[in-house]
Amino acid sequence: MIANKQCEICESRPAKYCCPGCDTSTCSVPCVKEHKGKTGCSGLRDKTKYISVSAMTDLTFLNDYRFLEEFDRVRDNAMRDDTAHALPGRSFYQRKLLNKARGKGIVLRLLPHSFTKRRQNKSFYHDKMRVFFWHVQFVFPTAGANFEERLHEKTFLCDILAKYLGPKADPSLRMVLEPVYGADSIKKVAIFMVADGVPSKTQVYHRLDVNLSVLDNLRGKMVIEFPVLYVVPFEDANNYVTVDECKLQSSQTKVGEDVETPTDEESTYEPTLKKMRAGTDMASQTTAPDADSMEGSSVRDDTAAGIAESSDVIDEEMDV
């Protein structure tokens, strides 16, 4: 039993357990399950969580030692796994998935099987209906929650948001998201997706339209395994740099580099320089043409004569 603490779920009994993942106090197994269902917490301890030197104990060093041992064990298993070192190849199902996505204008990229995102992906193509059922992950960074669903490609994003935000939302989900996003927040959020394959020094995003379907939003974009959508309030949307903003900044930077600003000396003597250049141009116009210029003019005359001669031949052929 945790001293002087009440259960944060039912708030009626003393707490007996503490979640290793988020330090939430609970009193029973049903409260633990309710806590995981509401918040999406895995219940696993964050092994890389920062701990100050003053707060370190013998248990901290023991956990770090176990973490290093686990890392070494996973690395050794990966070195022994033949499938991880096999030549890159695609199964028939994967090739079909890539071809069908390409046919719908989506650049789909699949990772090796050893990646966690590859194993999490539940997307598939329905042959009879000729549609995709996408595995989509919704991330609510402001509330620190994320949820996963499998959606029909013609599903509108606004219909999906209604399940999480607004008066018709699921009560268990609304309890988590409404305190952060507000009661009527379905019209006050923006949806972003990471812009993979876009060259940029910083992370850039695609801003999606909530009034369009999943297919219309993904068309013309690259998707690695499955879409990960970030749902943020309007006031936090400025923290996400979009592809259009990145292109505009790069174009402005190039324009600024091409335009040369005159120095103080050039701006001071600019009228004098203009007069000197004008006098030089007048003097060059009054001087006799040199041999090179006469040779160039003769070449231009010969070219014009050749064009006129060829046009006369074409006219004669047409008359015949």
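**View 1. Both faces of strand E5 are covered in this predicted model.** Val131, Phe133, His135, Gln137 and Val139 on one side, and Phe132, Trp134, Val136, Phe138 and Phe140 on the other, are all buried, where buried means under 20% relative accessible area, exposed over 50% and partly exposed in between, with a 1.4 Å probe and protein chains only. E5 spans residues 131-140; strands are DSSP runs of E of at least two residues, numbered from the N terminus. Residues are numbered from 1 along each chain as its sequence is written. Local features need pLDDT of at least 70 and side-chain atom pairs count only at pLDDT 80 or more, while totals for chains, interfaces and linings use all residues, and side-chain values use heavy atoms, with hydrogens and water left out.

**View 2. Strand E5 pairs with E4, E6 and E10.** Two strands pair if DSSP finds at least two bridges between them. E4 (residues 124-126) is antiparallel to E5 over 3 bridges, and E6 (residues 145-152) is antiparallel to E5 over 8 bridges, whereas E10 (residues 228-233) runs parallel to E5, joined by 3 bridges. Histidine 135 has arginine 150 of E6 as its bridge partner, and valine 139 stands opposite tyrosine 230 in E10.

**View 3. Phenylalanine 192 and tyrosine 205 form an edge-to-face aromatic pair.** Their rings lie 6.4 Å centre to centre with 75° between the planes; rings of Phe, Tyr and Trp (its six-membered ring) pair if their centres lie within 6.5 Å, planes under 30 degrees apart counting as stacked, over 60 as edge-to-face and the rest as tilted. Phenylalanine 192 lies in strand E7 and tyrosine 205 in strand E8, so the pair ties together parts that are 13 residues apart in sequence.

Conventions
Helices (H or I, at least four residues) and strands (E, at least two) are DSSP runs, numbered from the N terminus.
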